[in-house]
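Hi everyone, thanks for having me. Could you put the structure up on the screen, please? I'll walk through it piece by piece.

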Amino acid sequence: MQLVIGNKNFSSWSLRPWLLLKQAGLPFREIPVRLRQADTKAQILAHSPSGKVPALIDGDLTVWDSLAICEYLAEKASLNHVDLWPADPKARAEARSVSAEMHSGFAALRQQMSMEVAASRPGEGQTPEVLADIARIAALWTSSRERFAAAGPFLFGDFSVADAMYAPVAFRFHTYGVELPPLAAAYRDTLLALPAMQEWAAGARAEVGA
């Protein structure tokens with residue numbers, strides 16, 4: 001498989017399926033496209049009809065949109081007995097709900113605290129609307145960790161698509177120095193400590209010469 005991605009420093013949508021591929025142990029090759037350049041769209045269109053990153057190419061199939069790619073990867077991983085959604089139907093439905101909420105929501109956070117992995121901007125961007133988004137995310141993370149702590153360190157115990165969807169938020173909270181309640185802070189740190197997240201962060205720093 002091949003994954004078309006944008007800059008690791010700020011392409012949050014690219015991070016999600018990239019991290020899922022790494023965590024699932026599925027082999028793939030990166031096709032990096034530098035964003036915000038004059039020929040960016042043409043480069044992406046050479047691989048994907050959407051003209052946006054990410055895009056997953058698997059043989060004669062192209063899948064675009066982060067959540068659609070994650071769903072496809074979950075199906076592929078299940079063939080190797082790797083579960084990327086919770087096994088319990090109720091937990092699985094909740095995991096899909098929180099993933100969809102991340103996919104379509106938190107507009108203020110996205111606008112005011114854009115992902116910039118290699119930067120440090122503590123205290124910036126904390127408008128009332130952003131603080132409301134942060135409170136919702138912190139409550140979501142805390143609730144999940146309270147209920148699924150015995151099953152593992154991630155939102156629903158084992159690593160799942162839901163964790164991949166919130167990985168860029170962990171980078172955002174680190175960049176902007178967001179204070180979180182204890183369980184949410186511990187979960188953020190769990191994500192940031194993943195070897196794959198460290199690899200992505202190193203790539204981001206290399207891009208900007210940091």
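This is a predicted model: local features need pLDDT of at least 70, side-chain atom pairs count only at pLDDT 80 or more; totals for chains, interfaces and linings use all residues.

Okay, let's start with α6 and α7. Are these two helices parallel, antiparallel, perpendicular or oblique to each other? Helix α6 covers residues 128-148, helix α7 covers residues 161-175, and the two pack at an angle of about 120 degrees. Angles from 65 to 115 degrees would count as roughly perpendicular, and over 145 as roughly antiparallel. So α6 and α7 come out as oblique to each other. Their axes are 13 Å apart, and the crossing is left-handed. On the α6 side, the contact is made by Ile 134, Ile 137, Leu 140 and Trp 141, and on the α7 side by Tyr 166, Val 169, Ala 170 and Phe 173. Sort those residues by class and you get eight nonpolar, no polar and no charged.

The crossing of α4 with α7 is left-handed. Who's touching whom? From α4 we have Ala 95, Val 98, Ser 99, Glu 101, Met 102 and His 103, and from α7 we have Val 161, Ala 162, Met 165, Tyr 166 and Val 169.

Next pair: α1, residues 12-24, and α9, residues 195-208. Their axes come within 9 Å and cross at roughly 135 degrees, so these two are oblique to each other. Is the crossing left-handed or right-handed? For α1 and α9, it's right-handed. Ser 14, Leu 15, Trp 18, Leu 19, Lys 22 and Gln 23 of α1 meet Ala 196, Met 197, Glu 199 and Trp 200 of α9. By class, that's six nonpolar, two polar and two charged residues.

The largest pocket has a volume of about 270 Å³. It's lined by 13 residues, and the closest to its centre are Phe 10, Ser 11, Ser 12, Arg 36 and Met 115. The whole lining has five nonpolar, four polar and four charged residues.

Two backbone details to finish. Which peptide bond is cis? It's the one from Val 53 to Pro 54, with omega near 0 degrees. Pro 54 sits in the loop between α2 and β3. And then there's Asp 65, which isn't a glycine but still has a positive phi, about 80 degrees. You'll find Asp 65 in the loop between β4 and α3.

Note on methods
Residues are numbered from 1 along each chain as its sequence is written. Side-chain values use heavy atoms; hydrogens and water are left out. On a 1 Å grid over the protein atoms alone, a cavity is a set of points where a 1.4 Å probe fits but cannot get out, and a pocket is an open set with protein on both sides within 12 Å along at least five of seven lines; lining residues have an atom within 4 Å of a point. Grid points are joined across faces, edges and corners, and a volume is the space filled by probe spheres set on the points. Ala, Val, Leu, Ile, Met, Phe, Trp, Tyr, Cys and Pro count as nonpolar, Asp, Glu, Lys and Arg as charged, and the others, Gly among them, as polar. Axes are lines fitted to C-alpha atoms, for helices over the stretch in contact, and angles run from 0 to 180 degrees between N-to-C directions. Helices (H or I, at least four residues) and strands (E, at least two) are DSSP runs, numbered from the N terminus. Angles under 35 degrees count as roughly parallel, over 145 as roughly antiparallel, 65 to 115 as roughly perpendicular and the rest as oblique. A crossing is left-handed if the near helix is turned anticlockwise from the far one by less than a right angle, and right-handed if clockwise. Contact means heavy atoms within 4.5 Å.
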